[in-house]
Amino acid sequence: MSHNSFGHLFRVTTFGESHGPALGCVVDGCPPGLTLTEADIQVFLDRRRPGQSRFTTQRQEPDRVRILSGVFADGEGAPQRTTGTPIALMIDNVDQRSKDYGDIATKYRPGHADYTYEAKYGIRDYRGGGRSSARETAARVAAGAVARLAIPNVQVRGALVQVGPHRIDRARWDWAEVERNPFFCPDPVVAALWADYLDGIRKQGSSVGAVIELVAEGVLAGWGAPVYGKLDADLAAALMSINAVKGVEIGDGFAAADLTGEANADEMRGGNEGPRFLSNHAGGILGGITTGQPVVARFAVKPTSSILTPRQTIDRDGADTDLLTKGRHDPCVGIRAVPVGEAMMACVLADHFLRHRGQTGR
């Protein structure tokens, strides 16, 4: 299997399967001299870790990260800093229950990649989906923690803005609320509604989709490149690569189709510190290059395909059969997708920052 890497100057390769002994990543191209400890990475992995509330899978994984290479402490008591060489990060799997997947060894789960993996490779790891499992995203979050160090003046934040048909009220948006509830929700009122709603979904053995919004502040104007190096194109590709993501939009996205040219164009006025934009319908990117405004992106996550309702499918021989998926699954995978989305945005921004600096010298 190829295509396990993304990025150009800041390049990430992930490895491992859901029910293998471990998973991890190699980060290549990280600048030298950055202070990096396992604690710097662990804080982000803890936000993604499963089993922290009744609204996520109850798989109990500590997700403790180990740094295997790419750092050095020059002297006793000196801080551990990046050396500029590849940074290898390892996360052990400790709570696999492969027996939960014995019934699907020869059957394809509807909505999963079971059929397509076997059609392509002639073999698949049916234990939790193997490489296609969302467990792989732990490695992305670890890489994203390193990426944030490469762009220290940029703040990347994410929030869950829709669960099923229930959307937040943007008038109540409060970033502080994101860390106060298990949904990463900026609206405390709708967070309480989601709790009751997802309790019902969970007890039914069903699932729902979600929408996550990402905002990066502190991004300077000029990152990205025209035509085939557009930052928004790379960002869209990175977000689409996350498990279960079925749609990405930048700025107003599809809502821009409802606007007139007068309403959509972000008007400008002069300022002491450069142009001042009167709106941000473009999501901070024009022509694939950042404007200096916040970079805004959203992505839609489909409902978790593993549900307790029997579904029609076929087996490896093409015979019709029914399948009820056992195991531990998220009633809304969008909750834990928030830190994953943040990590992917951080990796893309770090890559484009280094590419911009390499081309322009600033």
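This is a predicted model: local features need pLDDT of at least 70, side-chain atom pairs count only at pLDDT 80 or more; totals for chains, interfaces and linings use all residues.

Residues are numbered from 1 along each chain as its sequence is written, and side-chain values use heavy atoms, with hydrogens and water left out.

Let me begin with the sheet. Helices (H or I, at least four residues) and strands (E, at least two) are DSSP runs, numbered from the N terminus, and two strands pair if DSSP finds at least two bridges between them. Five strands form an open, antiparallel sheet, ordered S1-S2-S3-S7-S4. At its edges stand S1 (5-6) and S4 (65-67), each with a single partner strand, so one side of each is left without a neighbour in the sheet. Within the sheet, S2 (residues 11-16) pairs with S3 (residues 22-28) over six bridges, in the antiparallel sense. Thr13, for instance, has Val26 in S3 as its bridge partner.

Helix H3 (residues 137-150) lies across S2, S3 and S7, and runs at about 30° to S3.

I turn to the aromatic rings. Rings of Phe, Tyr and Trp (its six-membered ring) pair if their centres lie within 6.5 Å; planes under 30 degrees apart count as stacked, over 60 as edge-to-face and the rest as tilted. By this rule, there are five aromatic pairs. In one of them, Tyr108 and Tyr115, the ring centres are 5.5 Å apart and the planes stand at 75°, so the pair is edge-to-face. Tyr108 is buried, at 9% relative accessibility, where buried means under 20% relative accessible area, exposed over 50%, and partly exposed in between (1.4 Å probe, protein chains only).

Next, helix H4 (residues 188-203). Its 16 residues reach 23 Å from first C-alpha to last, close to the 22 Å expected, the expected span being 1.5 Å times one less than the number of residues. Among the buried residues of H4 are Trp194, Leu198 and Ile201. Their cover includes S8 (155-163), S9 (166-167) and helix H7 (334-360). At the start of H4, a side-chain oxygen of Asp187 comes to within 3.0 Å of the backbone nitrogen of Val189.

Which residues does Gln162 touch, leaving aside those up to four places away in sequence? They are Arg167, Trp194, Gly209, Ala210 and Val211. Gln162 belongs to strand S8 and is buried, with a relative accessible area of 16%. Its side chain makes a polar contact of 3.3 Å with that of Arg167; this term denotes a pair of N or O atoms within 3.5 Å, where, within protein, one must be able to donate a hydrogen and the other to accept it, and residues adjacent in sequence count only if both atoms are side-chain atoms.

Finally, the backbone angles. His3, although not a glycine, has a positive phi of about 65°; His3 is exposed, at 78% relative accessibility.

How values were computed
Contact means heavy atoms within 4.5 Å. Axes are lines fitted to C-alpha atoms, for helices over the stretch in contact, and angles run from 0 to 180 degrees between N-to-C directions.
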